[in-house]
Each structure stands twice: as C-alpha cells, then as structure tokens.
Amino acid sequence: MSDVYNNILLDMKKLKGVKRIALAGRDGFLIGDHASEGAETLTLMSAHMLQAAETVTNALEKVNPNRVIVDYQGGKLITALVGSKALISVMTEKDASIDPIIKELDKTAGKIKEIL
C-alpha cells in the first residue's frame, strides 16, 4: 500500500466529524485505509451500494451518481467515486456536518484520481 495514498487519507481523517475513511478499488478491496478495524467490510459493502446506485441512475437517467450517502443512527456513510478505478468511503460522527466533509472528499478523490 502506497504511503502517498495513506498521506492523502490521513489529511481527510483529520477533518472534524470523520470517524473512518478507506480507499478501495471499484471491487471494494482495499487500496489504502485509515479505518483499520472494519475497513474491508466498509469498502466491500460501499462498492455494492455504489454499483446498485449506478444501475438505477443509468437505467432511469442515463448518468452515474457522484456519491451515495447512507444516513444511519450513528452518523453517515458517504461513498464517492474516484474516477473509474476506485472509491472512497467515509463514516462520520453522529452530529457531523456533511457539507465540509463532502467538499473535502471531492478534493481528496481528485488528488487520488490524478495518481491512479
């Protein structure tokens, strides 16, 4: 696993409200992570959710989703595409404001996309 990916993810992890973050291929298998426990489950399930969202949006609107957001009792799970090769999954704290997290997630995805 590249230190470059880990450094980029570490910057995102420092953002207020971010509990876990992981980078994976589109198949859900880890590329880099700072989530440690549960990271692989996080990315595998995120990949499936993203694929389902792509199926729906392509069938109905002929476009791909930018991200998938799951709102659950303990926070939010946000999964974003990183080009055609990868995805980033972020779990937030319960009361986290997601607007700044999404903004930083988009920047982080752009940085990683340039490397891939």
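In which helix is the place of alanine 39? I found alanine 39 in helix α2, which covers residues 39–61. Helices here are DSSP runs of H or I with at least four residues, strands are runs of E with at least two, and both are numbered from the N terminus.

Before going on I noted the ground rules. The model is predicted, so to speak of local features I need pLDDT of at least 70, side-chain atom pairs count only at pLDDT 80 or more, and totals for chains, interfaces and linings use all residues. Residues are numbered from 1 along each chain as its sequence is written, and side-chain values use heavy atoms, with hydrogens and water left out.

**Entry: alanine 39.** I looked up its cover. Alanine 39 counts as buried because its relative accessibility is 2%; buried means under 20% relative accessible area, exposed over 50%, and partly exposed in between, with a 1.4 Å probe and protein chains only. From its C-alpha atom to that of aspartate 106, 67 residues along the chain, I read 20 Å.

**Entry: the whole chain.** I listed three helices and five strands, in the order α-β-β-α-β-β-β-α from the N terminus. The radius of gyration is 13 Å, close to the 13 Å of the globule rule for 116 residues, so the chain is as compact as a globular protein of that length. That radius is taken over C-alpha atoms, and the rule is 2.2 Å times the number of residues to the power 0.38. Buried residues make up 41% of the 116.

**Entry: salt bridges.** How many salt bridges does the structure hold? I noted three, each a side-chain nitrogen of Lys or Arg within 4 Å of a carboxyl oxygen of Asp or Glu.

Arginine 26 pairs with glutamate 54, with the closest N and O atoms 2.6 Å apart. This pair links distant parts of the chain: arginine 26 sits in the loop between β1 (18–25) and β2 (30–33), and glutamate 54 in helix α2, 28 residues apart. Arginine 26 is partly exposed at 21%, while glutamate 54 is buried at 11%.

Arginine 67 and aspartate 106 meet at 2.9 Å, N to O. I placed arginine 67 in strand β3 (residues 67–72) and aspartate 106 in helix α3 (residues 98–115), 39 residues apart. Arginine 67 is partly exposed at 25%, and aspartate 106 is partly exposed at 38%.

Lysine 76 pairs with aspartate 71, with the closest N and O atoms 3.6 Å apart. Is lysine 76 buried or exposed? I read 17% for lysine 76, which means buried, whereas aspartate 71 is exposed at 59%.
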